[in-house]
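Take a look at the structure below. We start with one residue and then step back to the whole chain.

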Amino acid sequence: TMGRSRHLLEPIDGLAIHGAGQDDPAFHNYSRIMPNNTRPSIYMAYVNIQNLNTTYSSTWFGTLAKNLANYGQQADWLLIPQIGLSMTHCSTSGGGKQSCEEDVAAGRYDHAISQLAAGLRALDRPVFVRIGYEFNGEWNGYKPQPYRLAWARVTAAVRASGQPHPVAFVWDASCGARDLDFAKFRPENDTNVDWFGINVFG
């Protein structure tokens, strides 16, 4: 149950909320064995910004909405999606793979961002969005300055799109990366960051 608080989607009364993933079968298996008062409230899902440039966007959001609806909605249990938006493995003209945060920052993925905003609106529920999650991980290859600019471009566009429910943006690092200097990736405007997240592996 969510109430008014200082942060978007902050649980009331100091309660913790937890979620599960990383796909629907795994979430289903975990959720069904949990007692009603300890079921996961966060549903993990992942999408690449490059895919949102295509008709795949409506298919992906449609599938997500259907999966969420399968779990119903009760007064004491609102399932909130947590969308991991990656900017990696973007095709290049040479056929290679690379991160594309520079292209996002330069506006070459503005259509994808508008598709993201439309998809979030269609979900008709609160959402957490992790933009370029594990931003400092060498496996992603993000560069600090274009990552910061890409973050600003995505958050500004989504917030200007008239979302009917809160969209909380999560700036998510990994403590398993070689580079632990998080600050150089920090978005310039603190109001663009609703939550700080950290991933712990191993």
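Where is asparagine 192 found? Asparagine 192 sits in the loop between strand 7 (167–174) and strand 8 (195–199). Strands (E, at least two residues) and helices (H or I, at least four) are DSSP runs, numbered from the N terminus. This is a predicted model, in which local features need pLDDT of at least 70, side-chain atom pairs count only at pLDDT 80 or more, and totals for chains, interfaces and linings use all residues. Residues are numbered from 1 along each chain as its sequence is written, and side-chain values use heavy atoms, with hydrogens and water left out.

Is asparagine 192 buried or exposed? Asparagine 192 counts as buried because its relative accessibility is 16%. Buried means under 20% relative accessible area, exposed over 50%, and partly exposed in between (1.4 Å probe, protein chains only).

Now look at its surroundings. Leaving aside neighbours within four places in sequence, asparagine 192 is in contact with Trp151, Ala152, Thr155, Arg159 and Phe169. Contact means heavy atoms within 4.5 Å.

Step back to the whole protein. It has five helices and eight strands. Along the sequence they follow the pattern β-α-β-α-β-β-β-α-α-β-α-β-β. The C-alpha trace spans about 50 × 35 × 35 Å along its principal axes. Of the 202 residues, 44% count as buried. Among contacts in the protein with a separation of 6 or more, 71% join residues 24 or more positions apart.
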